[in-house]
Amino acid sequence: KSLLMLEKTGQPQLYKPLFFVYLLGELEANLPDDLPVYHLTAWVKIEKPDTFIKSLARYYVQQILKIQTQGPYYIGGFCFGGLIALEIAQQLQIQGQEVALLTLIQTRGFNPVYTRYQPLINKFGYNLYAKLVINLRILATLNLEAKKEYLVNKFKKIVNKILPKNNDQNPENQTALNLNNEQEDKEISSSLLEARKYYQVESYSGKVALFFAKEGGMYSFIFPQGGWNQLLTGKVSLNLVPGNHTGLLNRPFVKILAQIIEERIKENQ
């Protein structure tokens, strides 16, 4: 099965394609209809974590060049997929190709100070205060219908934490297939983290749009670039989107995310 799939044909004469790694959620549906979008998966079993990121990026560069032989290229990625996207952009540049924009969504950087202290910032005082402030700010940006949907979702999360799990949610009552899928997901997730540890990240000189969820735990006022400072040496735009780590890929916040991505692409056409 191909690891690269066309999600939206768009109008190539108006927009160069967006090659996006890892999860898309509802993002593709909220991007302009004219924008071609390709989905590049990274959720695969890893045999060699020490070479995985560079090897998968090399494979995708070959596939991308078959689809679009010349730049400028628009590359993006979510979470771990952002590392694949970064490596794709690096390899394209080495080949003399122009990467117009690299979009990294909820992808944490490698600054050692950030890696050590950002989890503590999330865990203690700042996190409690920030959650209240963030929720109030998020509500202020939403219309009445979106406010209702947001509050209902928050209420459901609280109820789920309080009420006991029903039989369908009890692991003892899950089917063998579900257990197998859950175990496989854990193994893949663990192997992706292992691959990240092996990845020797290099500085990148191209234009980058950083996106962080306000409740995503990767951004703070102390580390506004999410650990990417000194590694991204070109022009960097910082974009904060309401929602949590995966919530910004879905309603109601994905519309805000898609709108800003569209703006950044147009700025770099």
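Guide: A salt bridge here is a side-chain nitrogen of Lys or Arg within 4 Å of a carboxyl oxygen of Asp or Glu. Keep in mind that this is a predicted model.

Visitor: How many salt bridges turn up in the whole structure?
Guide: The search finds five. One of them joins the side chains of glutamate 26 and arginine 251, at 3.7 Å from N to O.

Visitor: Where do those two sit in the chain?
Guide: They link distant parts of the chain, 225 residues apart. Glutamate 26 is in the loop between β2 (18-21) and α1 (27-30). Arginine 251 is in the loop between β7 (236-241) and α8 (254-267).

Visitor: Is arginine 251 buried or exposed?
Guide: Arginine 251 is exposed, because its relative accessible area is 54% and the cut-off for exposed is over 50%. Glutamate 26 is partly exposed, at 26%.

Visitor: What does lysine 266 pair with?
Guide: Glutamate 262. The closest N and O atoms are 3.1 Å apart. Both residues lie in helix α8, four residues apart, which is about one turn of the helix.

Visitor: And how accessible are they?
Guide: Both fall in the partly exposed class: lysine 266 has 44% relative accessibility, and glutamate 262 has 24%.

Visitor: What about glutamate 263? Which residue does it bridge to?
Guide: Glutamate 263 forms a salt bridge with arginine 264, with the closest N and O atoms 4.0 Å apart. Glutamate 263 is partly exposed at 36%. Arginine 264 counts as buried because its relative accessibility is 16%, and buried means under 20%.

Visitor: Which residues are in the network there?
Guide: Glu263, Arg264 and Glu267. Salt bridges that share partners join them into one network.

Visitor: Switching to rings. How many aromatic pairs are there?
Guide: The whole structure has eight. Among them, phenylalanine 52 and phenylalanine 80 are stacked, 6.3 Å centre to centre with 25° between the planes.

Visitor: Where do phenylalanine 52 and phenylalanine 80 lie?
Guide: Phenylalanine 52 is in helix α2 (residues 52-67). Phenylalanine 80 is in the loop between β4 (73-78) and α3 (81-94). The pair links distant parts of the chain, 28 residues apart.

Visitor: Which residues do ring pairs link into a cluster?
Guide: Phe110, Tyr199 and Trp228. A charge comes in there as well: the charged end of arginine 196 sits over the ring of phenylalanine 110, 4.1 Å from the ring centre.

Visitor: Last topic, the surface. Which residues make a nonpolar patch?
Guide: Val113, Tyr117 and Leu120. Together they have about 260 Å² of accessible area.

Visitor: Where is valine 113, and how accessible?
Guide: Valine 113 lies in helix α4 (residues 112-123). At 45% relative accessibility, valine 113 counts as partly exposed.

Notes. Residues numbered from 1 in each chain as written. Predicted model: local features only at pLDDT ≥ 70, side-chain atom pairs only at ≥ 80, totals over all residues. Heavy atoms only, no water. Patch = residues over 30% accessible without salt bridge, like charges linked within 9 Å, V, L, I, M, F, W, Y side chains within 5 Å. Areas by Shrake-Rupley, 256 points an atom, 1.4 Å probe, with all protein chains shown as cover. Buried < 20%, exposed > 50% of the residue type's maximum accessible area, 1.4 Å probe, protein only. Phe/Tyr/Trp six-rings, centres within 6.5 Å; stacked < 30°, edge-to-face > 60°. Lys NZ or Arg CZ within 6 Å of the ring centre and 35° of its normal.
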